Amino acid sequence: MSIQEFMQHLVNGTSLGSLYALIAIGYTMVYGILRLINFAHGDIFMLGAYITYYGIAYTPIPWWLVFILSAVITGVFGMVLEKLAYKPLRSAPRITIMISAIGASFLLQNLGVLVFGGRPKAFPIPEVLSKTLVVGGVSVAIVSVVIPIITILLLMGLTFIIQKTKTGMAMRALSKDYEAASLMGIDINRVISFTFFIGSFLAAVGGILWGTKYPQLMPLMGVMPGLKCFIAAVIGGIGNITGAVIGGFILGLGEIMLIAFLPTLTGYRDAFSFILLIVILLVKPTGLMGEKMTEKV
Amino acid sequence: MKKILDRNQTKQLILTAIALVGLVVLNLTLDSYKIRVVNLCLIYIILGLSMNLINGFTGLFSLGHAGFMAIGAYTVALLTIPPEMKEMNFYMKPILPALLNLNMPFIFALLMGGIMAAIFGFLIGAPVLKLTDDYLAIATLGFSEIIRVVIINMQTITNGALGLKGIPQHTNDAIAGLFGVAPKTNLLWAGVAAILTIFVMIRLMEGSYGKAFKAIREDEVAARSMGINLFRHKVMSFTIGSFMAGVGGGLLAVSLGTIDPTLFKFALTFNILLIVVLGGMGNIKGTVISAIVVTIAMEGLRFLDAAINLGFMTTPALPGLRMVVFSLILMIVIIFKKDNIFLTTYMKVRARYAKNQ
């Protein structure tokens, strides 16, 4: 393999990894606070992409504004979903709320088929983003460069929110100890809503960027990325945001490099992340950055 | 003198006899579509019980059922499809010569399906069952996806994404001889398998293994200090559950006639989980009832996909509406009925004792 080819795979892997990281953050934040695998997260990702599609195709709003608006709308949608499907079950056994999450995921997928139609739709890519750059013999789609940059900016914003603002502090408190935090006067409902907003917002950004990179929208497009990003969150240590980002990059780069170096295994691409997950879980059950859990009696 | 059968066993025997006679009657009187629905009900009873054994009774949250069903289904298909049909199936890449002429009577093929699934269940369970809760759920879900991906890629064995067609439908000659009507499908096999599964589950849960399973579910640490070998019992429950799932998958394959990898997606596991949850975790009777209700509801809601005549107007056909309605009903049931649906039998018993005191 020439160095140019390798660089090309590296860029592709990095941009795929950034997308995974964006979506994985939503999983890990929700899990950190509610101990819930939000199975519907992948479908929120799908929703973000579709809202953008309709915004660009049917309204005169400029594309960059549509991108921002759809991410916000999807974020609000995530909040509503939490209020309807998860909040009533907060005191129920954990398996109940997990099943509710799986149910919500199926509902969104089926609604997607009903409302958006089962046939794939072509994502309207803005002209600026559809060009390719050639740098030193390496030809790269502009999207593949833009994606990691947007990801890094969003991550910086997220870190600021979590580390420097009061809401961020409340979020950290909730994920450390749910009950103690509520006793300290933290408005749990508001913080959880905010968490869902951020998670869904980032998933929507992931979905929109996914659309510009792989411009084919389907109602079930969120299933596989959703599962993989959850895996990324687990690999990094669920509940840990840095871990989710690292997990996302490991998965994205690993997947692209696997295909690059061992083309005969292309068909096993989807299995790769699951195998990695199981290996990591068996070696280090709490993930790379996860804290050791002690058994309570 | 010791009675040969106690009251409970007599009741069970009578119920079994009624069920068998009922199945024969249904088999002879219903049209083929209704027979298919009854058949699906029976298959889902088996699948629901097998998942209840793992998730409800032993408390291992496993989401890997579709994978084990796939193994059972492909084993049965490969062992029963006649060689000429196999050659027609494998037109992209020829089948492995060793598999071409491999053929077995249906009942042995079904057993092999179960055994293969059990072997995989054991191999997967041994490492994965060290995990708990959500991690176990994700790892088993992962394995079920891996099984699917491997099936897609092993073209010389499984015919890849094209799937296998022409799985022989079984007519029951013995009954055809008795009544002079040839039954159309293998309803009776499914019926016998379902009744056997119910029996095995009841016996298992009454015995010491069942008690150990339930102890593990309620409190692992307490169970361990009572001398229960956690790992052995977990693997055992998982393997038995996989066996039943394999048998269920095999029966499903025969009932459908064709299988392909998309059938065994996570949605299939979800259907079974739904049955288990609605019927009650750790509740045998509830699972049987909910398997029947859910299957019939899935079929009964089919009219929603077509155009509906409201009298004054006709709505356009909306493909997908059925699944939306179904998911909605599910969500509503989970959210509003959470308290009495998710009560395990154990918790109900405990509540009863608490009242008596």
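A residue counts here as buried if 20 or more other C-beta atoms, placed from the backbone, lie within 10 Å of its own, as exposed if 12 or fewer do, and as partly exposed in between. The model is predicted, and local features need pLDDT of at least 70, side-chain atom pairs count only at pLDDT 80 or more, and totals for chains, interfaces and linings use all residues. Residues are numbered from 1 along each chain as its sequence is written, while chains are lettered from A and ligands numbered from 1 in the order in which they are written.

Select chain A to begin. Buried residues make up 48% of its 297 residues, and its C-alpha trace spans about 60 × 50 × 35 Å along the principal axes.

Next, select residues 132-135 and 138-141 of chain A, which are β2 and β3, antiparallel strands joined by four bridges; two strands pair if DSSP finds at least two bridges between them. A:V134 has A:S139 in β3(A) as its bridge partner. The two strands form a hairpin with two residues between them, and A:G136 in the turn has a positive phi of about 55 degrees.

Two loop residues come next. A:R35 sits between α1 (3-34) and α2 (41-58) of chain A; this residue, which is not a glycine, has a positive phi near 55 degrees, and A:R35 is partly exposed, with 16 other C-beta atoms within 10 Å. In chain B, go to B:N159, in the loop between α8 (155-158) and α9 (173-179); its phi is also positive, near 65 degrees, in a residue other than glycine, but B:N159 counts as buried, with 26 C-beta neighbours inside 10 Å.

Finally, show both chains and select their contact, which takes 31 residues from chain B and 34 residues from chain A; two residues are in contact if their C-beta atoms, placed from the backbone, lie within 7 Å. On the side of chain B that touches chain A, the elements giving two or more residues are α7 (133-153), α14 (266-279) and α16 (321-336), and α7(B) gives the most, with eleven residues.
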